[in-house]
Amino acid sequence: MKTQKSILRFALFAFLACAASLVAQPDPAWLTPFPAFHIAGNLYYVGSEDLGSYLISTPSGLILINSDFEASVPLIRKSVESLGFHLSDIKILLISHAHSDHCAGSAQIIHLTSAKYYVMAGDVSVVESGGRTDFQYGAQKSNRYPPAHVDRVLHDGDTVSLGGTVLTAHLTPGHTRGTTTWTLDEPQGSRFLHVVIVGSPNVNPGYKLVGNKVYPQIAADYKRGFAVLEKLPCDIFLGAHGSYFDLVEKYPRWKDGDKNAFIDPAGYKAYIADREQAFEKELQRQSTPRR
Ligand SMILES: [Zn+2]
């Protein structure tokens with residue numbers, strides 16, 4: 001048994017070491033199980049401690065946002081079932097962006113369900129090639145994952161509807177060509193709460209913002225993304241990673257009875273402003289000629 005445990009530990013270490021090339025530092029929180037919970041209306045959290053996955057329940061079936069890593073799929077299944085839903089009822093699969101920590105499990109989810117895969121145009125070739133056409137990580141074998149066929153190509157402002165629920169896909173590119181910020185409205189009492197699931201406004205280590213031959217318009221794309229994010233009305237602030245919106249800090253408040261713990265318009269504004277500042281600083285650094 002001890003040997004089995006050691007093997008498992010080694011496997012986890014090897015996996016995180018591989019994933020390290022995608023993000024600056026491997027984060028064990030990616031695969032740490034997290035309790036599934038009801039956010040608002042028909043929206044639920046089914047991700048891990050740091051990989052944000054979201055379930056939307058409708059009378060016509062379920063929508064899943066983010067399949068995460070292949071190793072995440074059993075965790076997502078457990079979360080979906082703990083809420084009383086069935087994974088097989090997922091009809092539509094969406095992603096935040098085409099990086100392995102949000103989409104490597106898509107082929108498996110599609111295999112286990114009858115889900116149709118809807119992806120923003122800029123990310124389609126990346127998910128269909130299993131990461132091979134990614135502008136930054138395409139050459140790294142450690143970032144490959146099972147390719148998944150896209151059933152519907154999305155464009156900025158497109159809506160996705162199922163059973164009376166409507167989500168809007170906002171193109172917020174830069175982090176990937178097709179990074180998508182999802183919005184939907186959830187009823188609360190006599191009003192609607194604006195939900196924003198941020199795709200990623202982050203500049204990864206090694207990203208070339210100036211003179212990028214593979215992705216020449218990357219800096220302009222980030223700017224376009226920030227302009228969109230700044231204008232989105234937000235009550236409930238969510239994102240592709242729990243760390244964007246302080247999941248680990250907010251969840252205990254929710255558990256203690258504060259069902260509004262994720263309503264955080266000020267936190268959303270502050271996060272976007274902070275990320276924009278970080279982008280501008282990096283752009284400035286890369287634009288300054290070295291002596
Ligand atoms: Zn990413």
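Colleague: Which residue takes a positive phi in the hairpin of E8 and E9?

Modeller: That's Gly163, with a phi near 50 degrees, in a hairpin that has 2 residues between its strands. Keep in mind that this is a predicted model: local features need pLDDT of at least 70, side-chain atom pairs count only at pLDDT 80 or more, and totals for chains, interfaces and linings use all residues. Residues are numbered from 1 along each chain as its sequence is written, and side-chain values use heavy atoms, with hydrogens and water left out.

Colleague: Over how many bridges do E8 and E9 pair, and in which sense?

Modeller: The general idea is that strands of a sheet pair through backbone hydrogen bonds, either parallel or antiparallel. Here, E8 and E9 are antiparallel, over 4 bridges (strands are DSSP runs of E, at least two residues; helices are runs of H or I, at least four; both are numbered from the N terminus). A pair of strands needs at least two DSSP bridges. Look at Thr165 in E9: its bridge partner is Leu162.

Colleague: In what order do the 5 strands of the open sheet lie?

Modeller: E8-E9-E10-E11-E12, with mixed pairing. Strand E9 (residues 165-171) is largely enclosed by the rest of the structure, because 6 of its 7 residues are buried (under 20% relative accessible area; over 50% is exposed and in between is partly exposed, using a 1.4 Å probe and protein chains only).

Colleague: How many aromatic pairs does the structure hold?

Modeller: There are 20. To read one, a pair of aromatic rings is described by the distance of the centres and the angle of the planes. Rings of Phe, Tyr and Trp (its six-membered ring) pair with centres within 6.5 Å; planes under 30 degrees apart are stacked, over 60 edge-to-face, the rest tilted. Take Phe34 and Tyr251: they're edge-to-face, 5.0 Å centre to centre with 65 degrees between the planes. Phe34 is in the loop between helix H1 (2-19) and strand E1 (37-40), and Tyr251 is in helix H7 (residues 247-255), so their pairing ties together parts 217 residues apart in sequence. Both Phe34 and Tyr251 are buried. They also belong to a cluster linked by ring pairs, whose members include Phe37, Trp254 and Tyr271.

Colleague: How far apart are the ring centres of Phe135 and Tyr215?

Modeller: 4.8 Å, and their planes are at 70 degrees, so this pair is edge-to-face. It ties together parts that are 80 residues apart in sequence. Phe135 is buried at 11% relative accessible area, and Tyr215 is buried at 0%.

Colleague: What span should the 23 residues of helix H8 have?

Modeller: At 1.5 Å a residue, H8 (residues 265-287) should span 33 Å, and its end C-alpha atoms are 33 Å apart, which agrees. The expected span is 1.5 Å times one less than the number of residues. Among the buried residues of H8 are Gly267, Tyr268 and Phe279.
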